[in-house]
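Good morning, colleagues. Please look at the structure on the screen; I shall speak about a metal site and then about a helix contact.

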Amino acid sequence: MNTELDLSISRRQFIATAAGLGATIVLAPRLVFAQKKGIVPTMIDDAAQAKIETYPLRRGITVLEGSGGNIAVLTGKDGKLLIDSGFSVSKTRIVQALNKLSADPITQLINTHWHVDHTDGNEWVHSAGAAITAHENTKKHLSTSTRVEGWQYTFPPAPTGALPTTIFSDEHRVHHNDTNIALKYYSPAHTDSDISAVFEEADVIHVGDTLWNGIYPFIDYSTGGSIDGMIRATERNLSVVTDKTIVIPGHGPVANKAALSEFRDMLTTTRANVAALKKQGKSIDETIAAKPTAAFDAKWGQFLITPAFFTTLVYSGV
Ligand SMILES: [Zn+2]
């Protein structure tokens, strides 16, 4: 099956469907706008305007929200360690937020995966003094021109300074600021480059884009992602956390085990609904029209990934 073709056709069809059924499909204006303008330019424009919100967690760990994916910061005598670097358009405001945390320089950066909303700031963070660690597939995708069909966008190779200098294939450990940080590859999930990062003493885990807390996730089939990979990753996340663990998602507010459970239930129910419709022989348009995500839309459908787009992403993988 040609997944890339499915995605591009269904997006055009979705715009046509939404226009024809304007009275029954209610989308926030910026969601309609994102469909026309493209998701990547919309994310960059959002980041260019957004305030950077700071959420202190525990044991020197803070989350910065507002520039693409959530950025985790660990402060201390060895210098700041960042997990993900957001969009470069936010550099000035990210630097201001970091300076308010402490005067330590940035010395380490870890990327949860290769996507632009988590790595676009790599070059400036590296210039500021950080060594970059990531999964080997993050380096692979950043090193070459890479198409993301679901975003209808082709990324040029990243500049040399943005590339990870330490890469690994399965597991890697970092000791920084009296903290053990365990990095572990998921196997293909949201992409083929996703890793989790556990701050062991603090009992805090950054799960990257294997969790979108309270919003439908993007799944990047072009670089190895799939709905089944997302479900597998979520099951693993659930298996390694307790009720006390703080879970940092790639997108959305800081989460916990209950949020992971709710996300897993949304993914598995949507997958079952879409698979049943596809098995009946329904086309992607007929599947979208059957509203397989209806029970979740009011809560989960309010961000860039609309119910119809999410349905399309699941349909491509069942
Ligand atoms: Zn991503």
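The zinc ion is coordinated by four residues, namely His113 through NE2, His115 through ND1, His190 through NE2 and Asp209 through OD, at 2.1 to 2.2 Å. Donors here are N, O and S atoms within 2.8 Å of the metal (3.2 Å for Na, K and Ca), and sites may look incomplete, as water is not among the atoms. This is a predicted model, in which local features need pLDDT of at least 70 and side-chain atom pairs pLDDT 80 or more, while totals for chains, interfaces and linings use all residues. Residues are numbered from 1 along each chain as its sequence is written, and side-chain values use heavy atoms, without hydrogens or water.

Along the chain, the zinc donors follow the spacing H-x1-H-x74-H-x18-D. His115, in the loop between β5 (106-110) and α5 (116-119), and His190, in the loop between β11 (179-185) and β12 (195-199), are 75 residues apart and link distant parts of the chain. Helices (H or I, at least four residues) and strands (E, at least two) are DSSP runs, numbered from the N terminus.

Is His115 buried or exposed? His115 is buried, because its relative accessible area is 0%. His190, at 0% relative accessibility, also counts as buried. Buried means under 20% relative accessible area, with a 1.4 Å probe and protein chains only.

I turn to the helices. Met266, Leu267, Thr270, Arg271, Val274 and Lys278 in α9 meet Phe310, Thr311, Val314 and Tyr315 in α12, contact meaning heavy atoms within 4.5 Å. Thank you.

Definitions and conventions. Buried means under 20% relative accessible area, exposed over 50%, partly exposed in between (1.4 Å probe, protein chains only).
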